[in-house]
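Here are a few friendly notes to read alongside the model. Please keep the structure open as you go through the points.

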Amino acid sequence: MTSRRILLKGTVFGGAAALLPAAASASGDGSILRLPAPVGPYPVGMQTVHLTDPSRTDPWVGGVRELMLTVLYPARSVRGFSRAPQLTPAEAREFAGLAPYIRPGLPEPGTVDWGAVLTHGYMDAPPLPGRRPVLVYSPGGGDSRTLGTTLAEDLASHGRVVVLVDHPGDASQVELPTGMRTTVLIGPPDPATFRTMVDTRIGDLRLVLDRLGDLPLAPVVDSCRIGMYGHSAGGTAAVYAARRDRRVGAVANLEGYLDLHPTPAGLDRPLLLFRTDGFDGAARIASSWASLPGHRRLLPDANHWAFTDYGSFVPRLRTSGLVTATARNALVGPGDPAVTLAEVRRRVGTFFARHLE
């Protein structure tokens, strides 16, 4: 009998059923790990962009600061274009080895073919004409930009341009034209490291805003309608970056602490403060958000990484016997992943629709 502990390559599936990854199947030598499909009316195009900032020195390795971006957008047509993998082959190899150390409870190396996961974005498909609001995303500490794919694809399928930003140094892995960068983090960051992470991310986000007009998709970007959103440390960075940047019209913070000094009390733009009911940092979250005006929302039966692609992957891995129930609950919570995903999409999408469109 072939082992079900190897997740092999397969095609992604569409339609409403894609909100929940399929149950274990006897397809080939194992079951298939899939990303949920976006539900908006437009197909999604995708481009990758490399940026450098000669004015800044990388705080982790020295030299010029480099970034990698994934830009998602509503496409005019995807006929003849290929669907993009979530990770490059080199990134998939690195992530397979790092995953159980970055997120304890994830499968050991050799048990998941992370390189087989396809996105629903079509590389370099032509964009749908028209000026679109742009949303810039910063991932959680230790996560790469690719783990924000599911929400970003859905936002793009509803008519926005979405820019996923990698932050080399604290991201698990980033393949740059100059080589592979892996995380410097070993366990949770101490206060000084966390501050360096957030300050570096703020600089990265400002660089992206400065370069929006230079992107290949600049003709379809409406620079007067810019939003930022981020998860965990990315939510922290998004709020602090927007605090002093009037270009940002609305910010969504997905469970990021807001207790750096100074506090972002001066933010006078619409703010979504979205958290789970299972996060063990809830007391610090509540305290750091207490003085801020904003739209407060609670994601029930969920834990911290339910806002990311782990929200779909981890329950699927649990079904396949690769993740324990304890690990599942600690990572994404016990809730129905389709219900959780729909709620995240609805809350974030509605927030930006109300305040940018």
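1. Let's begin with glutamate 343: setting aside its neighbours within four places in sequence, this residue is in contact with Phe274 and Leu299. Please keep in mind that this is a predicted model. Glutamate 343 belongs to helix H8, which runs over residues 337-356.

2. Is glutamate 343 buried or exposed? Its relative accessible area is 18%, and because the cut-off for buried is under 20%, glutamate 343 counts as buried. Proline 300 is 43 residues away along the chain, and its C-alpha atom is separated from that of glutamate 343 by 9.5 Å.

3. Next, have a look at serine 288, which sits in helix H5 (residues 282-289). This serine has a relative accessibility of 8% and counts as buried. A polar atom of the serine 288 side chain lies 3.1 Å from the backbone oxygen of isoleucine 285.

4. Which residues does serine 288 touch once its neighbours within four places in sequence are left aside? They are Tyr257, Leu258 and Asp259.

5. Helix H2 (residues 149-157) deserves a point of its own. Of its 9 residues, 9 are buried, so the helix is largely enclosed by the rest of the structure. The buried residues of H2 include Glu153 and Asp154, along with Leu151, Ala152, Leu155 and Ala156. Just after H2 comes glycine 159, with a positive phi of about 105°.

6. Stepping back to the whole protein chain, you will find 8 helices and 12 strands. The radius of gyration is 19 Å, close to the 21 Å that the globule rule gives for 357 residues, so the chain is as compact as a globular protein of that length. Taken along the principal axes, the C-alpha atoms fill a box of roughly 60 × 45 × 40 Å.

7. How much of the chain is buried? Of the 357 residues, 57% count as buried. Among contacts between residues at least 6 apart in sequence, 73% join residues at least 24 apart.

8. Last, the surface and the charges. The protein chain exposes about 14,000 Å², and carbon and sulfur atoms supply 55% of that area. The chain carries 37 positive and 32 negative side chains, with the centres of the two sets 5 Å apart.

Note on methods:
Residues numbered from 1 in each chain as written. Predicted model: local features only at pLDDT ≥ 70, side-chain atom pairs only at ≥ 80, totals over all residues. Heavy atoms only, no water. Helix = DSSP H or I, 4+ residues; strand = E, 2+ residues; numbered from the N terminus. Rg over C-alpha atoms; globule rule 2.2 N^0.38 Å. Buried < 20%, exposed > 50% of the residue type's maximum accessible area, 1.4 Å probe, protein only. Contact = heavy atoms within 4.5 Å. Areas by Shrake-Rupley, 256 points an atom, 1.4 Å probe, with all protein chains shown as cover. Lys, Arg positive; Asp, Glu negative; His and termini not counted. Charge placed at Lys NZ, Arg CZ, Asp CG, Glu CD. Polar contact = N/O pair within 3.5 Å; in protein donor to acceptor, adjacent residues only side chain to side chain.
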